[in-house]
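Subject: Structure for you to look at

Dear colleague,

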Amino acid sequence: MVAVNPDRQLQISEHPEVCYFGQSPTLTSLNVVYGHGAAEAWLLPEVQDACLFMGVKEMPDNYQAAKLVKIIAQQFGYLKVDEVQLFFFYFCSARYRHFYNTFDPSIIILSLRDFLRDRNRAYEEREQREREREREEWKKNAMTHEQYLAWLETHHKQE
């Protein structure tokens with residue numbers, strides 16, 4: 001929690017592909033490895049940092065903050081820590097929805113859903129690049145129709 005704190009957001013935002021496809025732990029795995037509530041404890045400074053940065057006049061009270069981080073950990077537990085930090089960087093840089101001077105937990109939840117669309121698009125683009133790479137690799141070893149017919153003719157003559 002000390003090493004992976006909100007100050008790290010700017011650094012990791014320079015390489016979103018590493019956030020999406022890297023090996024950082026998921027929120028769920030934080031709870032498995034460090035015990036129940038670890039993900040929530042890690043998330044709280046991320047939420048507080050976003051609120052401070054966005055200039056929210058009234059910070060979330062304990063109830064709002066606790067419930068928000070529990071919702072995030074439960075509903076988005078499959079997200080990697082790096083992805084969550086990338087989300088908060090994007091959120092603070094006004095890429096998604098924003099607060100209007102007051103804290104509203106639904107703004108973060110809705111923005112996370114917007115982030116997931118971007119994340120899914122990154123995964124789709126990566127899969128498309130992989131398919132294209134495989135197709136190019138296949139083309140290197142593939143025969144043209146004419147080559148196949150010539151091979152077939154040679155093969156039949158040998159029999």
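Is C92 buried or exposed, and what is its relative accessible area? C92 is buried, with a relative accessible area of 13%, where buried means under 20% relative accessible area, exposed means over 50%, and partly exposed lies in between, as computed with a 1.4 Å probe on protein chains only.

Before going further, please note that this is a predicted model, in which local features need pLDDT of at least 70 and side-chain atom pairs count only at pLDDT 80 or more, while totals for chains, interfaces and linings use all residues. Residues are numbered from 1 along each chain as its sequence is written, and side-chain values use heavy atoms, with hydrogens and water left out.

To stay with the cysteines, a search of the whole structure finds zero disulfides, a disulfide being a pair of cysteine sulfur atoms within 2.5 Å. The sulfur of C19 has its closest cysteine sulfur in C92, 14 Å away, which is too far for a bond, and C92 is in no disulfide either, since the nearest cysteine sulfur to it, that of C51, is 8.7 Å away. C19 counts as buried, at 2% relative accessibility.

The charged side chains give another picture, with nine salt bridges found in the whole structure, each being a side-chain nitrogen of Lys or Arg within 4 Å of a carboxyl oxygen of Asp or Glu. One of them joins D82 to R8, with the closest N and O atoms 2.9 Å apart. Because D82 lies in helix α6 (residues 81-92) and R8 in the segment before α1 (9-13), this pair ties together parts that are 74 residues apart in sequence; helices here are DSSP runs of H or I with at least four residues, numbered from the N terminus. Both D82 and R8 are buried.

Another salt bridge runs between R95 and D118, whose closest N and O atoms are 3.6 Å apart, and it links the loop between α6 and α7 (105-141), where R95 sits, to helix α7, which holds D118, 23 residues apart.

Finally, K140 and E137 form a salt bridge with closest N and O atoms 3.5 Å apart, and both lie in helix α7, three residues or about one turn apart.

Best wishes

How values were computed
Helices (H or I, at least four residues) and strands (E, at least two) are DSSP runs, numbered from the N terminus.
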